[in-house]
Each structure stands twice: as C-alpha cells, then as structure tokens.
Amino acid sequence: MIDVFRSPAGSSPVVVEALFPASPERLFDAWTKAEDLKRWFGNDPSQLGDIEIDLREGGAWRFYMCVEAGRREFLEGYYLIVQRAELLSFSWCHTVEMEPGAERKTPPSQVTISFQAEGAATRMRLEHREIVLADGRIGVRQGWINSFEALAAILAGEG
C-alpha cells in the first residue's frame, strides 16, 4: 500500500498525490495505454469496456463503462497537454446515455497529472479542477484514491 495524500473531502480542486515505485515513463504509459488503464482505472476496472485514445494535444479520449441494457455510460474529453513522462492534462465529462438522443452530462472539468522522478520512484500528483458540485468532488476524490491504490498494487506485482 502506498501513502496517498488526498485533499479534504468536498474541497476544490480535488488533489491526490503519491510516490510510486516506477519510472515517470511507466506511469505515463499507465495513463495512456488501454491495456494498462483496464487494469487499474476507476472504482471497478473490470467495468471498463472499450477505450479510445488519440494521444495528442487536441486529441479525444473516451472510456466506455459496462452498464445495464438500454443505458450506456462513459467518460470523455480532449487532451490539452501531452508531455511524455512529465505532464498530462485533459478535459473530463461524465456522460450517461439513457436512450439515443437522451443523455445527461456533467459540466466539463479538467484533470492535470504531473510526474516527478524521485530516485527510482516517481511522485505523481493529480489535480481535478472545476467540478461544480461538492457531492461530485467527494465521489471523484474517492474514485481517484481507489485508482491510485489499484495502480500501486499492479506496479508492486511488476517489481
């Protein structure tokens, strides 16, 4: 288990930070390769379906989540900054599609992840800004904490 710093519940921005036993390049790949993301991202990585990634500034990303019949749910956005092993920033929107043409979307927010080498490890800091509702910030914060812990477990198994 890694020591995860977390901003207070409900605060803005949501900040989660930890030191991982991996290189900045390995952590950057974990954020940008579908096969890695399916192993650790979200509250339940097994619920991730297709992942689309156009890894370039202005490129779109979309993560489909498995849901019940007649309802699709996905996360999506655009890459704002892509600096391999240093900085990754993207817009974020959570969409629930009840039926074709009927959907519910969260207002766009922004995620920025920095990767800073510290010896053989890397400090990864995530800031998720512009989440409008406090309840949304609480849920997103817990999701990022869960994701950081799942990523740490996967990296520990690689070491």
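Modeller: Let's start with the buried residues of helix 1, which are Pro24, Arg26, Leu27, Phe28, Asp29, Ala30, Trp31 and Thr32. Buried means under 20% relative accessible area, exposed means over 50%, and partly exposed lies in between, using a 1.4 Å probe and protein chains only. Helices (H or I, at least four residues) and strands (E, at least two) are DSSP runs, numbered from the N terminus. Because 8 of the 9 residues of helix 1 are buried, this helix is largely enclosed by the rest of the structure.

A word on the model: it is predicted, so local features need pLDDT of at least 70 and side-chain atom pairs count only at pLDDT 80 or more, while totals for chains, interfaces and linings use all residues. Residues are numbered from 1 along each chain as its sequence is written, and side-chain values use heavy atoms, leaving out hydrogens and water.

Now for a helix partner. The axes of helix 1 (residues 24–32) and helix 3 (residues 134–158) come within 12 Å and cross at roughly 125°; axes are lines fitted to C-alpha atoms, for helices over the stretch in contact, and angles run from 0 to 180 degrees between N-to-C directions. This angle makes helix 1 oblique to helix 3, the class left once under 35 degrees is called roughly parallel, over 145 roughly antiparallel and 65 to 115 roughly perpendicular. On the helix 1 side, Arg26, Leu27, Ala30 and Trp31 make the contact, and they meet Trp144, Leu151, Leu155 and Glu158 of helix 3. Contact means heavy atoms within 4.5 Å. These residues divide into 6 nonpolar, no polar and 2 charged; Ala, Val, Leu, Ile, Met, Phe, Trp, Tyr, Cys and Pro count as nonpolar, Asp, Glu, Lys and Arg as charged, and the others, Gly among them, as polar.

Next, look at Asp29, which sits in helix 1 and is buried at 16% relative accessible area. Leaving aside neighbours within four places in sequence, Asp29 touches Asp36 and Arg84. The side chains of Asp29 and Arg84 are joined by a polar contact of 2.7 Å, meaning a pair of N or O atoms within 3.5 Å; within protein, one must be able to donate a hydrogen and the other to accept it, and residues adjacent in sequence count only if both atoms are side-chain atoms.

Finally, follow Arg84 itself, in the loop between strand 5 (72–83) and strand 6 (87–99). Arg84 is partly exposed, at 45%.
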